[in-house]
Amino acid sequence: MEILKLRKSVRSYLSSPISESQCRTLRSEATFVDSHEAGLSFRPVFGNDAPFKGVGRSYGMFRGVENYLAVIVDPTFPNAMERAGFFAEQWVIEAVKLGLGTCFVGGTFSASHVDTFVEVYEKIPFVVAFGFSDEKRTSFVARLASSMAHRKHRTPRDFFEGDDDAYQAACSNIPWLNVALEAVACAPSALNKQPVRLRAVHAEHGWTVSAHTLDPDKFAIELGIAKFNVSFAVKGVWDWGENGLFFPE
């Protein structure tokens, strides 16, 4: 949980170069996804600000972005967007361990200026900006957007689907429930919508949780991000898809 809490959305970066050892680790993490996940390709790009260059693209939200992870998805593969979110968050946590700041970026970058080859059938639904944080220089627009996004503080309980009686019963049957809910609360999402909810389920192997979103057509990436956080904090594996079950170790 402490590592998940260290991850914050950083929108202003120093020009300090990333070390070669850090670059190797980030490339290795991306290569693992390329090798194991059909329909996904992760490509770290260093020293290139083209997708964020110009006020028209970034709306003053980002400063000094020179490094980003290009997340390339073939949407014809099953659960491709959800898996992209899951493994991008896994990559982000490794970057956080290296002392780097990160930010998921969905709408305020130019996909046509991403410095990598993309097949006609592939999409870049988002990139992950990363580098050394310079939050002291965060622009006024970015600070305003951040304060608006966080104006409503949510507690872990808010991410449970059910009334208070159902929540209390779930806590009695699932000892790790609040850890899982706190992990969901830490998950980044577009405009801080945090659309993922957990529900208690009595499955064949006992009590567990399922995960769903407020809008399955819009929030598959966020679903994947939240699922990674739960599996990282609690340890276990998920079924993919809306209402997929979690299987703790």
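This is a predicted model: local features need pLDDT of at least 70, side-chain atom pairs count only at pLDDT 80 or more; totals for chains, interfaces and linings use all residues.
Residues are numbered from 1 along each chain as its sequence is written, and side-chain values use heavy atoms, without hydrogens or water. Local features need pLDDT of at least 70 and side-chain atom pairs count only at pLDDT 80 or more, whereas totals for chains, interfaces and linings use all residues.

Two packed helices are described by the angle between their axes and the distance between the axes. Helices are DSSP runs (H or I, at least four residues), numbered from the N terminus. Axes are lines fitted to C-alpha atoms over the stretch in contact, and angles run from 0 to 180 degrees between N-to-C directions.

Helix H4 (residues 80–97) takes part in a contact with H2 (residues 20–36). The axes of H2 and H4 come within 10 Å and cross at roughly 160°. H2 is therefore roughly antiparallel to H4 (over 145 degrees). The crossing is right-handed (the near helix is turned clockwise from the far one by less than a right angle). Leu26, Glu29, Ala30, Phe32 and Val33 of H2 touch Phe87, Gln90, Trp91, Glu94 and Ala95 of H4 (contact means heavy atoms within 4.5 Å). The H2–H4 contact has seven nonpolar, one polar and two charged residues. Here Ala, Val, Leu, Ile, Met, Phe, Trp, Tyr, Cys and Pro count as nonpolar, Asp, Glu, Lys and Arg as charged, and the others, Gly among them, as polar.

H4 also packs with H8 (residues 220–235), at about 50° and with axes 6 Å apart. H4 and H8 are therefore oblique to each other. Their crossing is right-handed. On the H4 side, the contact includes Met81, Phe86 and Ile93. Among the H8 partners are Ile221, Leu223, Phe228 and Phe232. By class, this contact has nine nonpolar, five polar and four charged residues.

H6 (residues 164–173) and H7 (residues 177–185) pack at about 115°, with axes 8 Å apart. Tyr167, Ala170 and Cys171 of H6 meet Leu177, Asn178 and Leu181 of H7. Five of these residues are nonpolar, one is polar and none is charged.

One cavity of 30 Å³ or more is counted (a set of points on a 1 Å grid over the protein atoms alone, where a 1.4 Å probe fits but cannot get out). The largest cavity holds about 40 Å³. Its lining includes Phe159, Val184, Pro188, Gln194 and Glu222 (lining residues have an atom within 4 Å of a point). The lining has seven nonpolar, two polar and one charged residues.

Note on methods. Helices (H or I, at least four residues) and strands (E, at least two) are DSSP runs, numbered from the N terminus. Angles under 35 degrees count as roughly parallel, over 145 as roughly antiparallel, 65 to 115 as roughly perpendicular and the rest as oblique. On a 1 Å grid over the protein atoms alone, a cavity is a set of points where a 1.4 Å probe fits but cannot get out, and a pocket is an open set with protein on both sides within 12 Å along at least five of seven lines; lining residues have an atom within 4 Å of a point. Grid points are joined across faces, edges and corners, and a volume is the space filled by probe spheres set on the points.
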